[in-house]
Amino acid sequence: MFSEKDLVARSVEDMAHEVEELLADAKRMKEEHDAAMQKETELRSKSVETRPDDAALAESLWQEAEELRDAAKENLRLSMEKRLRAAEVQHRIEIHDQIESIDNSDEVWQKAAGSRRG
């Protein structure tokens with residue numbers, strides 16, 4: 001699940017911005033999933049109620065509910081994919097921060113060692 005962005009050196013701020021965007025997209029897609037699932041339930045109920053009076057309309061409503069279910073499943077899949085991508089990028093930020101703290105500690109140790117000798 002690599003992206004072209006993985007092949008380019010980016011600042012921590014750019015990566016943090018990407019995490020925010022990915023999480024916002026994931027949230028929006030999850031909300032779309034939830035709304036579609038609600039609408040699917042309503043369409044199926046209406047289909048069952050309509051069947052005795054108009055079988056063709058009931059079948060049409062049922063098919064629309066099936067299409068909504070497929071779209072909802074795809075939105076949920078994409079939402080999870082974006083959350084996973086956000087977690088990967090966030091992990092890279094954390095690694096970057098750890099490396100920087102190690103670099104700083106080496107510098108502090110060197111200064112401390114140098115001051116003892118002086």
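At 38% relative accessibility, Arg28 counts as partly exposed, and in this predicted model its side chain meets that of Glu32 in a salt bridge with an N to O distance of 2.9 Å.

The protein chain as a whole contains two helices and zero strands, and 20% of its 118 residues count as buried. Of the contacts between residues at least 6 apart in sequence, 75% join residues at least 24 apart. The largest nonpolar core has six residues, namely Met15, Val19, Leu22, Ala86, Val89 and Ile93, and the elements that give two or more residues to this core are α1 (12-50) and α2 (55-117). Within this core, Val89 is in contact with Met15 and Val19, among others, when its neighbours within four places in sequence are left aside.

The count of salt bridges comes to 13. One of them joins the side chains of Lys82 and Asp25, at 3.8 Å from N to O; because Lys82 lies in helix α2 and Asp25 in helix α1, this pair ties together parts that are 57 residues apart in sequence. Both partners count as partly exposed, Lys82 at 22% relative accessibility and Asp25 at 27%. The side chains of Arg44 and Glu66 also meet in a salt bridge, at 2.6 Å from N to O, and this pair links helix α1 to helix α2 across 22 residues. Here Arg44 is buried, with a relative accessible area of 15%, whereas Glu66 is partly exposed, with 29%.

Methods. Residues are numbered from 1 along each chain as its sequence is written. This is a predicted model: local features need pLDDT of at least 70, side-chain atom pairs count only at pLDDT 80 or more; totals for chains, interfaces and linings use all residues. Side-chain values use heavy atoms; hydrogens and water are left out. Helices (H or I, at least four residues) and strands (E, at least two) are DSSP runs, numbered from the N terminus. Buried means under 20% relative accessible area, exposed over 50%, partly exposed in between (1.4 Å probe, protein chains only). Contact means heavy atoms within 4.5 Å. A nonpolar core is a set of buried Ala, Val, Leu, Ile, Met, Phe, Trp, Tyr and Cys residues joined through side-chain atoms within 4.5 Å. A salt bridge is a side-chain nitrogen of Lys or Arg within 4 Å of a carboxyl oxygen of Asp or Glu.
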